Amino acid sequence: DSDEGSEELVLTPLQLICSLEQAWLNEKFAPELLESKPEIIECVVEQLDHMEANLKRAKKGDLKVSVHRMEIERIRYVLSSYLRCRLVKIEKFFPHVLEKEKSRAKGEPSILSPEEFAFAKEYMANTETYLKNVALKHMPPNLQKVALLKSVPKPNLDSFVFLRVLKRQENILVEPETDEQREYTIDLEEGSQHLIRYKTIAPLVASGAVQLI
Amino acid sequence: GDLGPFNPGLPVEVPVWLAINLKQRQKCRLIPPEWMDVEKLEEIRDQERKEDTFTPMPSPYYMELTKLLLNYASDNIPRADEIRTLVKDTWDTRMAKLRLSADSFVRQQEAHAKLDNLTLMEINTIGTFLTQALDHMYKLRANLQPAASNDSQDF
């Protein structure tokens with residue numbers, strides 16, 4: 001599969017919408033902020049603009065126009081929901097998200113788009129200013145700092161998630177819950193559905209081998 | 001996606017959202033899926049009641065389709081009321097099984113479950129509750145052990 005990070009990924013509109021829906025569902029059910037997908041977003045926005053332009057021109061029968069309009073609204077809904085879901089997570093985990101982005105290795109994909117990064121930084125700065133003005137500056141001098149990284153809760157990567165397998169995986173390690181249990185491995189058959197801790201399968205979500213549901 | 005061609009009098013396959021919309025505007029008649037038939041659904045209901053495990057459903061969206069079609073196009077579906085009852089019976093049986101297995105999952109502190117024959121509607125009906133319950137159990141258990149991690153963070 002062409003996961004080379006190439007910018008010129010040629011997808012049919014149907015495939016594009018499928019990728020958007022996949023990214024949307026994964027983002028909805030994952031406890032942490034996932035990789036940002038600028039290619040998908042850009043292409044979807046382009047597609048929507050294209051469709052809008054077509055609609056402006058075609059003044060034919062009511063049916064075609066209304067059907068296309070409905071389709072545009074549906075796609076727009078998914079896109080907004082996806083972006084909103086990401087913003088919620090950015091606001092919830094802002095110091096960790098920024099820290100992760102700062103300490104990212106060169107080749108690793110970014111979890112924030114440039115706009116999201118600017119938003120996160122601004123959110124952090126605003127929160128710090130707010131805390132300072134409302135409470136901190138009235139505290140005794142040695143208590144005037146708050147360590148946001150320590151105080152803001154981290155995403156719980158141990159939460160359970162439901163998933164469907166898209167590409168067969170072998171020997172996924174399942175860690176024991178209690179001391180009496182032992183760890184064991186399972187194979188994930190294509191098309192099967194599972195309930196398991198997010199931590200174990202996080203890399204599979206990133207690679208597209210499984211879909212959260 | 002691609003749709004049509006729309007020729008009067010000839011059946012055409014469209015996405016459900018479009019079908020419902022056109023039906024509401026009284027522009028079409030809907031043809032129910034093959035499995036939405038009293039005999040077939042009786043078989044399915046009986047099979048589900050017999051087995052302890054989940055039997056495969058005729059459609060991964062059987063519940064949603066039944067609800068939508070019976071709400072908006074019941075005039076196009078023969079014996080709609082019986083169908084409604086049959087599907088509800090099957091759903092109730094499956095939900096009862098689901099509640100039992102979710103209960104034992106939490107009780108026995110399982111780490112993994114395979115849910116092949118469950119439809120999305122069933123998973124999402126119980127999903128949020130189940131995952132939150134599991135999270136709470138995890139937090140309670142983690143607090144029993146001495147703090148292993150250096151961050152004393154709450155999730």
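What distance separates the centres of domain 1 and domain 2 of chain A, taken over C-alpha atoms? In this predicted model, the separation is 26 Å. Domain 1 of chain A covers residues 13–155, and domain 2 of chain A covers residues 156–212. Eleven residues from domain 1 of chain A and eleven residues from domain 2 of chain A make the contact between them.

The two domains of chain A bury about 910 Å² between them, with carbon and sulfur atoms giving 51% of that area. No salt bridges are counted between domain 1 and domain 2 of chain A, but six residue pairs are in polar contact. On the side of domain 1 of chain A that touches domain 2 of chain A, six residues are nonpolar, two are polar and three are charged.

The second interface to consider lies between the chains. Here 34 residues of chain A are in contact with 33 residues of chain B. The area buried between chain A and chain B is about 3,100 Å², of which 59% comes from carbon and sulfur atoms. Between these chains the count of salt bridges is zero, while seven residue pairs are in polar contact. Among the elements of chain A that give two or more residues to the side touching chain B are α3 (62–92), β1 (160–165) and β4 (193–197). The most comes from α3(A), with seven residues. By class, this side of chain A has 15 nonpolar, nine polar and ten charged residues.

Strand pairing also links the chains. β4(A) and strand β1 (residues 112–114) of chain B run antiparallel and are joined by three bridges. In this region, His194(A) stands opposite Lys114(B) in β1(B).

Definitions and conventions
Residues are numbered from 1 along each chain as its sequence is written. Chains are lettered from A and ligands numbered from 1 in the order in which they are written. This is a predicted model: local features need pLDDT of at least 70, side-chain atom pairs count only at pLDDT 80 or more; totals for chains, interfaces and linings use all residues. Side-chain values use heavy atoms; hydrogens and water are left out. Contact means heavy atoms within 4.5 Å. Buried area is the accessible area (1.4 Å probe) that two parts lose on being put together, summed over both. A salt bridge is a side-chain nitrogen of Lys or Arg within 4 Å of a carboxyl oxygen of Asp or Glu. A polar contact is a pair of N or O atoms within 3.5 Å; within protein, one must be able to donate a hydrogen and the other to accept it, and residues adjacent in sequence count only if both atoms are side-chain atoms. Helices (H or I, at least four residues) and strands (E, at least two) are DSSP runs, numbered from the N terminus. Ala, Val, Leu, Ile, Met, Phe, Trp, Tyr, Cys and Pro count as nonpolar, Asp, Glu, Lys and Arg as charged, and the others, Gly among them, as polar. Two strands pair if DSSP finds at least two bridges between them. Domain bounds come from an automatic or database domain assignment.
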